[in-house]
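Here's a quick tour of a protein with a metal ion inside. Have a look at the sequence and the 3D view before reading on.

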Amino acid sequence: MEETSCLHICVMNKRTFLKLSGIVGAGALVSPWLGCGESADQATSEKLWGDNPFTLPELGFPVDALAPAIDAETMAIHHGKHHAGYVRKLNAALAGQIMQGDGTLDSLLRGVDPLDEGVRNNGGGHFNHTLYWEVLAPGGGNKPPDRLSEMIDRDFGSLESFAEQFATAAAKQFGSGWAWLSVTDEGVLEVSSTPNQDNPLMLQCVDQPGTPILGIDVWEHAYYLNYQNRRKDYIAAFVELINWEAVDARLSRAVRDIVVRIKSGA
Ligand code: MN3
């Protein structure tokens, strides 16, 4: 890269850095990724997906660890049957196809064609459930770390106000779908909801694009054994189980990825 364009990108990055660091405090979150010599992996359009590029992640805890809020049978079926099915069908949909993006699930979903139902539904299903297991805390939820807490206060007024907006979005999602807390490319936290297995990464499929850092599954398979039609009770129980440390870790990764994407012009 010639010097002038490198400088130009560095100036853009510094603007982004200022915007993001203003949100997160001293800038420790994004500063390690701001070196001008670094370059993001470039997509190669000729590369094909290999066999079974995606695998079912292990649950980080026993299936009964969230009981009674989420019962063991629901967890076992949800992870071992539903999530496993999305992974299997995603791999089948990608077999022999040209790799889009850099080979990560995130970049695949960012560029997914709304008409490509195999990748949209099953790639979304894999991403969404991987996030869902991660943001649940066995033994009960915790509190947002300071940095995230400040962002929540800034963008929602308070943690209680956020929880209310999130629960309302989850309750009002008609039929199957998800509610989300996402960070936009401008560094703002937003609540949204999506039908089916869509999520805010899918730029061509959603009204509110962003990087999800927290999500609740409101498909009936997520709660029906325990709660039947009482979706609001399941949502309330979920909110009490949020692992905010994991949400904060997702936020860090999201901000890092935003900076890298802006630097690479993607
Ligand atoms: Mn599900």
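What follows is a short briefing on the overall fold, the metal site and the core.

This is a predicted model, so local features need pLDDT of at least 70, side-chain atom pairs count only at pLDDT 80 or more, and totals for chains, interfaces and linings use all residues. Residues are numbered from 1 along each chain as its sequence is written, and side-chain values use heavy atoms, with hydrogens and water left out.

**The overall fold**

- The protein has nine helices and three strands; these are DSSP runs numbered from the N terminus, with helices being H or I of at least four residues and strands being E of at least two.
- Out of 266 residues, 46% count as buried, where buried means under 20% relative accessible area, exposed means over 50%, and partly exposed is in between (1.4 Å probe, protein chains only).
- Take the contacts (heavy atoms within 4.5 Å) with a separation of 6 or more: 72% of them are between residues 24 or more positions apart.

**The manganese site**

- The manganese ion has four protein donors listed for it, His78 (NE2), His129 (NE2), Asp217 (OD) and His221 (NE2), at 1.9 to 2.1 Å.
- Donors here are N, O and S atoms within 2.8 Å of the metal (3.2 Å for Na, K and Ca), and water is not among the atoms, so sites may look incomplete.
- Along the chain, the donor residues are spaced H-x50-H-x87-D-x3-H.
- Two of them link distant parts of the chain: histidine 129 sits in helix α4 (residues 117-134) and aspartate 217 in strand β3 (residues 211-217), 88 residues apart.

**A closer look at histidine 129**

- Histidine 129 counts as buried because its relative accessibility is 0%, and aspartate 217 is buried too.
- The side chains of histidine 129 and aspartate 217 make a polar contact at 3.0 Å; that term means a pair of N or O atoms within 3.5 Å where, within protein, one must be able to donate a hydrogen and the other to accept it, and residues adjacent in sequence count only if both atoms are side-chain atoms.
- Setting aside residues up to four places away in sequence, histidine 129 touches several others, including Tyr86, Trp178 and Gln197.

**The nonpolar core**

- A nonpolar core is a set of buried Ala, Val, Leu, Ile, Met, Phe, Trp, Tyr and Cys residues joined through side-chain atoms within 4.5 Å.
- The largest one has 61 residues, and Leu214 and Tyr234 touch the most other members.
- Helix α9 (residues 244-264) gives the most to this core, with six residues.
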